[in-house]
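Below is a short report on one structure. It goes from chain to chain and then to the contact between them.

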Amino acid sequence: MSNPDPKNLVPAEQEVVVEQEAGPWRDAWKNFRKNKIALVGSVIVFFFIFLAIFGTWIAPEGINDQKLTERLKAPSSQYWFGTDDFGRDIFSRVILGARISLGVGFFSVIGSVVVGSALGIIAGYYGKWVDTIISRIFDIMLAFPSILLAIAVVSVLGPSLVNALIAIAIINIPNFGRLIRSKVLTVKQEEYITSARAIGMKDFRILLSHILPNSLAPVIVAGTLAIASAIIEAAALGFLGLGAQAPAPEWGKMLADARNYLRNAPWTMIFPGVAIMLTVLGFNLMGDGLRDALDPKMKT
Amino acid sequence: MRNKKIWSFLLFFGLILMLFLAACSSENENSEGNGEDGNTEGNSESSGEPKVLIFGRGGDSVNLDPITVTDGESFKVTQNVFETLVNFGEQDTTINPGLAKEWTVSEDGLTYTFMLEEGVKFHDGTDFNAEAVVANFERWSAGTADKYYYYKSMFGGFGDEEGHVIESVTADDEFTVTFKLKRPQAPFLKNIAMSPFGIASPTAFEAAGDSFGDNPVGTGPFKFVEWKRNDSITIEKFEDYWQEGLPKLDRVVFRAIPDNSARLNALLTGEIDLADGVNPSDSSSIEGDAALQLFERPSMNVGYLGLTNTRPPFDNKLVRQAMNHAIDKQAIVDAFFEGRAEVAVNPMPPSISGYNDQIEGYDYNPEKAKELLAEAGLADGFEMELWAMPVPRPYMPDGMKVAEVMQKNLADVGITAEIVSFEWATYLEKARNGEADAFMLGWTGDNGDADNFLYVLLDGDNIGSNNYSYYDSEELHELLIAAQSEVDEAKRNELYMQAQEIIHEDAPWVPLAHSTPLLAGKAELTGFLPHPTGSDKLHNVDFE
């Protein structure tokens with residue numbers, strides 16, 4: 001606000017937002033960069049994102065190139081991670097599985113963030129009976145163990161990857177909804193909201209251009225961490241046969257398929273397991289770093 | 001601050017590594033420890049403690065009144081609580097004396113006279129005699145198909161019904177029973193040897209009515225103790241058993257452990273003594289383990305991919321034949337049965353008399369399959385659902401995996417198959433209703449007779465019961481009915497051979513494999529002889 005460009009015709013109230021945002025974001029990046037563990041997490045995450053995007057070109061074989069004569073071969077120079085019980089190259093399948101797991105992670109979280117934020121903002125901003133209804137619905141959903149709820153949703157919709165994604169999105173809605181709601185409750189007491197209302201701004205515009213951007217920081221942190229748990233949930237559903245269907249190289253399903261060979265071909269289980277562990281670890285480390293960076297209370 | 005974080009990260013990683021290594025080492029310790037446990041148990045057993053066999057199996061029984069059920073898990077138990085008039089051989093389906101010590105058959109094949117063992121008692125103290133046998137058959141023949149499925153299936157009906165084979169059962173004197181048949185039935189003796197026809201105590205079933213299965217009373221070597229649903233069934237030695245010195249065990253506990261790997265793990269940790277349904281992939285490691293022994297159940301089954309013959313495009317014979325050419329059965333047998341099976345050509349295994357070994361199976365030939373599809377007007381392939389059973393079966397150790405191989409085989413000839421599965425009971429019901437395009441299923445023979453495979457599984461009469469593929473051929477039906485009442489063995493076999501040719505040509509199924517089911521037990525177990533029907537008599541089993 002100190003030196004507004006005279007040529008800038010952007011209305012004043014939006015400028016405030018931009019100014020307020022730019023500072024904290026830059027600070028956050030500075031904080032984040034200093035946090036080595038978070039950087040390690042990001043490297044892991046970006047490595048898997050890279051695999052998810054370019055996996056098709058990296059993987060030496062397809063997802064379902066069965067060679068029954070080559071089944072359960074130990075890791076070797078030809079098959080880096082060994083082969084599974086269909087003689088398929090596990091290295092290729094793990095790489096190609098990154099797209100499925102990350103895809104489910106990202107899109108389910110985006111879905112639950114969008115729906116959860118919408119409900120949370122409405123509940124927080126309007127309060128009263130709207131808040132009561134929405135909050136109680138969240139309470140009811142949170143009262144179920146999440147994986148059980150996911151299983152219930154999938155069994156209604158039928159087992160498939162897309163339905164698993166939907167189920168995971170649904171079970172995470174209340175988490176984001178509550179988070180946003182509590183943030184909105186504090187933000188809406190701020191003076192700039194009162195002034196926006198005083199100059200006659202419509203509710204919808206206030207929600208979208210003031211409250212939402214100012215409530216988003218915790219959602220980004222929670223979203224990153226939620227991707228990690230979404231990946232685990234997708235793997236769990238896949239393991240139970242309720243997620244990705246054969247022959248999709250979903251990591252959880254690969255684990256389930258490998259169960260019978262635990263004793264004589266452990267590599268069928270180790271590599272998909274390690275892949276799940278690493279991605280989840282990556283997202284968790286990155287999420288923790290983001291929390292530290294974005295939390296104003298941590299600023300010293 | 002930053003240093004601290006790095007240190008905590010390293011510490012965290014170190015902890016993970018330690019946990020991992022600890023897990024590895026404790027596993028080793030466990031298996032060693034268990035070996036020792038096994039030994040000490042063995043020793044204490046020989047020093048006069050009760051000998052208890054814990055038999056791990058895939059599922060719980062449905063009911064312990066054997067006439068009311070059709071599932072193998074029920075018969076596994078009732079086979080030891082009840083006895084039949086005649087018995088199968090120890091490991092085959094030849095006919096041997098049971099509760100009847102000898103019998104005669106009239107020349108026209110219509111009258112069977114049985115001389116019964118004397119001095120046999122039921123577990124509740126009731127005497128076993130001719131009246132008891134008559135009472136049992138009267139009870140069964142007064143039933144309905146829903147109640148006594150096997151009676152209908154083996155003897156053609158109930159009471160005065162036209163199809164009912166048994167005209168009368170009478171007690172001539174205290175230990176002689178005469179059966180009069182309306183028409184000759186070639187496999188009659190094999191039929192009454194089946195587990196469902198175990199003779200029950202008339203006093204007990206009259207008192208209990210429909211709940212007889214909750215407290216079954218027979219003449220067998222073991223008597224029923226308790227049933228914890230979905231967990232275990234306990235039976236114990238019957239002290240007044242009529243055969244001297246038997247049974248050798250004091251108690252048998254049947255435990256349901258659905259997952260094959262978990263069950264084998266239970267055997268390794270000493271929780272159970274004998275495990276049914278061992279994955280073929282585990283067989284080599286069991287053979288290499290001195291504390292365990294591997295049992296092979298003589299093969300009397302068929303695993304197949306049924307094609308619902310009423311659903312397009314499988315209503316077209318060419319498409320069904322194309323499916324037969326498309327699927328690489330040998331590769332499936334080599335990979336998922338570890339070679340412990342033979343590729344199936346006909347709907348019944350070669351050990352059964354009447355098997356037609358002149359028929360050559362459809363070879364694996366994707367090109368031929370494509371030609372046939374083109375001839376059927378489906379050159380571009382089609383989409384279908386491929387149903388795979390959710391549970392391991394003796395004839396199919398891992399349905400899902402085999403389905404994946406078939407899915408790939410079919411994709412190679414342009415058919416897009418989506419693998420579908422349901423919970424087991426739903427799966428059977430839906431498939432029976434003809435809702436599947438193609439479904440994996442199998443059959444373990446009940447009595448080693450060709451009729452028990454061909455008629456039961458493929459005759460139009462059995463649509464809605466065990467003919468899941470809805471295959472209905474008038475020509476086949478005539479042959480099978482003729483064979484049922486043909487008493488001359490050679491002529492009968494000839495009829496079955498013709499029947500198999502018709503089935504081969506019409507290709508209602510893709511026959512996959514005749515497997516050798518595997519069991520594993522502790523090394524000190526003796527006298528266990530797995531029976532091809534899947535119901536094992538445990539009276540000779542002992543611990544060394």
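## Record and model

UniProt, in an unreviewed entry, lists residues 98-287 of chain A as "domain: ABC transmembrane type-1". UniProt positions follow the numbering used here, feature names are shortened, and annotations may be inferred rather than shown by experiment. The end C-alpha atoms of residues 98-287 of chain A lie 19 Å apart. That span is 83% helix and 0% strand.

This is a predicted model: local features need pLDDT of at least 70, side-chain atom pairs count only at pLDDT 80 or more, and totals for chains, interfaces and linings use all residues. Residues are numbered from 1 along each chain as its sequence is written, while chains are lettered from A and ligands numbered from 1 in the order in which they are written.

## Chain A overall

Chain A has ten helices and zero strands. Helices (H or I, at least four residues) and strands (E, at least two) are DSSP runs, numbered from the N terminus. The elements of chain A therefore read α-α-α-α-α-α-α-α-α-α from the N terminus on.

The C-alpha trace of chain A spans about 75 × 45 × 35 Å along its principal axes. Of its 300 residues, 44% count as buried. A residue is buried if 20 or more other C-beta atoms lie within 10 Å of its own, exposed if 12 or fewer, and partly exposed in between; C-beta atoms are placed from the backbone. Take the contacts in chain A between residues at least 6 apart in sequence: 71% join residues at least 24 apart. Two residues are in contact if their C-beta atoms, placed from the backbone, lie within 7 Å.

## Helix 3 of chain A

Helix 3 of chain A covers residues 90-126, 37 residues in total. From first C-alpha to last it reaches 52 Å, close to the 54 Å expected at 1.5 Å a residue. The expected span is 1.5 Å times one less than the number of residues. A kink of about 30° in helix 3 of chain A is centred on Gly97(A). The bend at a residue is the angle between axes fitted to the seven residues ending there and the seven starting there.

Just after helix 3 of chain A, Gly127(A) has a positive phi of about 65°. Leu72(A) sits in the loop between helix 2 (36-58) and helix 3 of chain A. Its phi is near 55°, a positive value in a residue other than glycine. Leu72(A) is partly exposed, because 18 other C-beta atoms lie within 10 Å.

## Strands of chain B

Chain B holds an open sheet of seven strands, in the order 8-9-10-1-11-19-12, with mixed pairing. Its edge strands are strand 8 (222-228) and strand 12 (292-296) of chain B, each pairing on one side only. Two strands pair if DSSP finds at least two bridges between them. Strand 1 (residues 52-57) and strand 11 (residues 274-275) of chain B pair in the parallel sense over two bridges. Gly56(B) stands opposite Ala275(B) in strand 11 of chain B.

Strand 4 (residues 100-105) and strand 5 (residues 111-116) of chain B pair in the antiparallel sense over five bridges. Thr104(B) stands opposite Thr113(B) in strand 5 of chain B. The hairpin of strands 4 and 5 of chain B has five residues between the strands. In that hairpin, Gly109(B) takes a positive phi near 75°.

## Backbone exceptions in chain B

Most residues other than glycine have a negative phi, and most peptide bonds are trans. A cis peptide bond joins Leu246(B) and Pro247(B), with omega about -10°. Pro247(B) is in the loop between strand 9 (232-237) and strand 10 (251-256) of chain B. The bond from Pro312(B) to Pro313(B) is also cis, with omega near 0°. Pro313(B) lies in the loop between strand 13 (301-307) and helix 9 (317-326) of chain B.

Glu338(B) has a phi near 50°, a positive value in a residue other than glycine. Glu338(B) lies in the loop between helix 10 (329-336) and strand 14 (341-343) of chain B. With 17 other C-beta atoms within 10 Å, Glu338(B) is partly exposed.

## A buried alanine

Ala499(B) is in helix 16 (residues 489-506) of chain B. Ala499(B) counts as buried because it has 29 C-beta neighbours inside 10 Å. Not counting residues up to four places away in sequence, Ala499(B) touches Leu454(B), Leu476(B), Leu479(B) and Leu480(B).

## Contact between the chains

The contact takes 18 residues from chain A and 18 residues from chain B. On the side of chain A that touches chain B, seven residues are nonpolar, five polar and six charged. Ala, Val, Leu, Ile, Met, Phe, Trp, Tyr, Cys and Pro count as nonpolar, Asp, Glu, Lys and Arg as charged, and the others, Gly among them, as polar.
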